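Subject: Structure for your study

Dear colleague,

Please find below the structure that I am handing over to you. My notes on what was found in it follow directly after.

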Amino acid sequence: MSLHPAVQLLAGLLFVCVLMTVLWLIQRRTANAGIVDAGWAASIGILGVFFAATSDGYPIRRMVVGVLIGVWSARLAGYILRDRVVGQAEEGRYRALRTEWGAAAQRRFFLFYQSQALAALFFALPVLVVAHHTVDRWTLWDAAGVVVWCLSVANTILADQQLARFKRRPDSRGKTCREGWWRYSRHPNYFFEWLHWWSYVALSVGSPFWWLTLLAPAVMLYLLLKVTGIPPTEAQALATAGEDYRQYQRTTSAFVPWFPKQEPGRDRPD
């Protein structure tokens with residue numbers, strides 16, 4: 001069944017708004033607003049699979065992009081649920097919002113959840129573009145998109161595992177992870193997460209609206225560097241690791257993995 005893109009977008013918007021309303025009601029009972037992050041990740045995957053199944057593009061490409069966005073979404077939503085929601089206390093940033101908003105907290109959380117519904121629809125747009133891509137053959141750009149997806153998602157998982165393994169060690173409290181990818185970037189998980197969005201750009205090359213897919217990595221980069229990614233994460237790290245993290249900031253790339261710098265006045269390691 002093929003639907004017009006406008007119908008797909010309206011149906012998708014209705015679905016994510018209802019889903020976020022349900023999640024808002026859940027957070028009222030659990031007092032853990034972090035469930036919105038898992039809902040956002042899951043929504044993108046559900047929308048992406050829906051777009052892939054109801055479009056008129058090349059069937060093999062539609063199937064591939066549906067699988068890619070579905071696997072990415074399920075992995076990220078599951079990770080957030082395990083790490084931040086189920087059996088966990090509410091994250092500090094949401095506790096701070098509850099305090100700041102006071103009596104208006106539930107109303108403002110509802111509006112925030114609905115804004116995340118719009119964000120999910122926005123980040124699913126690249127899949128819609130790919131799903132309507134009618135070039136009826138598999139291209140080198142398609143293959144490149146799959147390769148970028150595999151490399152970026154695999155290394156996101158690896159970076160997450162390296163950090164989790166470090167945090168489980170009894171002697172890690174108050175210290176900074178410098179193992180694996182974390183030796184070369186202070187936020188390798190964010191970098192590879194951002195890189196993942198370029199896979200849909202590659203899959204869209206040749207489509208009349210391929211340029212729309214550039215919006216997702218552009219906006220994601222801004223969010224990671226300036227809003228919800230690095231700034232609050234580093235503030236928390238400075239609060240818990242202090243001078244050790246400041247030294248890490250002076251020597252290690254913030255985002256793109258690169259070789260660490262030698263601090264002035266420090267002897268170079270053997």
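Surface patches are made of residues with over 30% relative accessible area and no salt bridge, where like charges are joined within 9 Å and nonpolar side chains (Val, Leu, Ile, Met, Phe, Trp, Tyr) within 5 Å. The areas come from the Shrake-Rupley method with a 1.4 Å probe, and for residues only the protein chains shown count as cover. A salt bridge, in turn, is a side-chain nitrogen of Lys or Arg within 4 Å of a carboxyl oxygen of Asp or Glu.

Please note that this is a predicted model, in which local features need pLDDT of at least 70 and side-chain atom pairs count only at pLDDT 80 or more, while totals for chains, interfaces and linings use all residues. Residues are numbered from 1 along each chain as its sequence is written, and side-chain values use heavy atoms, with hydrogens and water left out.

The nonpolar patch

On the surface, I60, M63, V67, V71 and W138 form a nonpolar patch, and together they have about 460 Å² of accessible area. I60 belongs to helix α3, which covers residues 59–85; helices (H or I, at least four residues) and strands (E, at least two) are DSSP runs, numbered from the N terminus. I60 counts as partly exposed because its relative accessibility is 40%. In these notes, buried means under 20% relative accessible area, exposed means over 50%, and partly exposed lies in between (1.4 Å probe, protein chains only).

Aromatic rings

A pair of aromatic rings is described by the distance of the centres and the angle of the planes. Rings of Phe, Tyr and Trp (its six-membered ring) pair if their centres lie within 6.5 Å; planes under 30 degrees apart count as stacked, over 60 as edge-to-face and the rest as tilted. The structure holds 21 such aromatic pairs. In one of them, the ring centres of W40 and F123 are 5.7 Å apart and the planes stand at 80°, so this pair is edge-to-face. W40 lies in helix α2 (residues 35–53) and F123 in helix α5 (residues 105–131), so the pair ties together parts that are 83 residues apart in sequence. Both W40 and F123 are buried.

A further edge-to-face pair is formed by F191 and F192, at 5.1 Å centre to centre and with 70° between the planes. F191 is placed in helix α7, and it counts as buried because its relative accessibility is 12%. F192 is buried as well. The C-alpha atoms of F191 and S152 are separated by 8.6 Å, although these residues are 39 residues apart along the chain.

Ring pairs also link W40, W72, F122, F123, W197 and Y200 into a cluster. Elsewhere, the charged end of R75 sits over the ring of Y79, 5.5 Å from its centre. The rule here is that NZ of Lys or CZ of Arg is within 6 Å of the ring centre and within 35 degrees of the ring normal.

Salt bridges

How many salt bridges does the structure have? By the rule given above, the count comes to 10. One of them joins the side chains of R61 and D142 (2.9 Å, N to O). This pair links distant parts of the chain, with R61 in helix α3 and D142 in helix α6 (residues 140–168), 81 residues apart. Both R61 and D142 are buried.

The side chains of E234 and R186 meet in another salt bridge (2.7 Å, N to O). Here E234 is in helix α10 (residues 230–241) and R186 in the loop between α6 and α7 (188–196), 48 residues apart. E234 is buried, with a relative accessible area of 8%, and R186 counts as buried at 10%.

R250 forms a salt bridge with E243, and their closest N and O atoms are 3.0 Å apart. R250 is partly exposed at 38% relative accessibility, as is E243 at 46%. Salt bridges that share partners also join D37, E91 and R93 into one network.

Cysteines and one backbone angle

A disulfide is counted as a pair of cysteine sulfur atoms within 2.5 Å, and the count comes to zero disulfides. C150 is partly exposed at 40% relative accessibility, whereas C177 is buried, with a relative accessible area of 5%.

Finally, A31 has a phi near 60°, a positive value in a residue other than glycine. A31 is found in the loop between α1 (5–30) and α2, and it counts as partly exposed because its relative accessibility is 44%.

Yours sincerely
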